[in-house]
Amino acid sequence: MHPALVTVLDRIAAREGCDRTDLPPLYRAVDPEALAAVLASNPAVTVRFDYAGYRVEIDPDCVTVVDREP
């Protein structure tokens, strides 16, 4: 799994107070293999998606996880 995706899961798990294995499967929000391939092939890309009630943004400089607006 791409390190940025691991960071996403770790940050959301910390916010939820659980282990990342207790989170819903990532593939319900995004294809993790395809996303990892995109991130690995183009380090300048920015991707955004919703997962487990959070808005995720992965860009070349950082990984951002914020609560979605209700």
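Modeller: Let's start with a term: a salt bridge is a side-chain nitrogen of Lys or Arg within 4 Å of a carboxyl oxygen of Asp or Glu. Keep in mind that this is a predicted model.

Colleague: Okay, how many salt bridges does the structure hold?

Modeller: There are four. One of them joins the side chains of Asp-10 and Arg-20, at 3.0 Å from N to O.

Colleague: Where do Asp-10 and Arg-20 lie?

Modeller: Asp-10 is in helix H1 and Arg-20 is in the loop between H1 and H2, so the pair ties together parts 10 residues apart in sequence.

Colleague: And what does Arg-15 form a salt bridge with?

Modeller: With Asp-67; their closest N and O atoms are 3.6 Å apart. This pair links distant parts of the chain, as Arg-15 sits in helix H1 and Asp-67 in strand E3, 52 residues apart.

Colleague: Is Asp-67 buried or exposed?

Modeller: Exposed, because its relative accessible area is 52% and the cut-off for exposed is over 50%. Arg-15, at 46%, is partly exposed.

Colleague: Switching topic: which residues have the most contacts inside the largest nonpolar core?

Modeller: Ile-12, Phe-49 and Ile-58, in a core of 21 residues. Helices H1 and H2 and strands E1, E2 and E3 each give two or more residues to this core.

Colleague: Which of those gives the largest share?

Modeller: H1 does, with six residues.

Colleague: What is Ile-12 in contact with, leaving aside its neighbours within four places in sequence?

Modeller: Its partners are Leu-23, Tyr-51, Ala-52, Tyr-54, Val-56 and Val-65.

Note on methods:
Residues are numbered from 1 along each chain as its sequence is written. This is a predicted model: local features need pLDDT of at least 70, side-chain atom pairs count only at pLDDT 80 or more; totals for chains, interfaces and linings use all residues. Side-chain values use heavy atoms; hydrogens and water are left out. A nonpolar core is a set of buried Ala, Val, Leu, Ile, Met, Phe, Trp, Tyr and Cys residues joined through side-chain atoms within 4.5 Å. Buried means under 20% relative accessible area, exposed over 50%, partly exposed in between (1.4 Å probe, protein chains only). Helices (H or I, at least four residues) and strands (E, at least two) are DSSP runs, numbered from the N terminus. Contact means heavy atoms within 4.5 Å.
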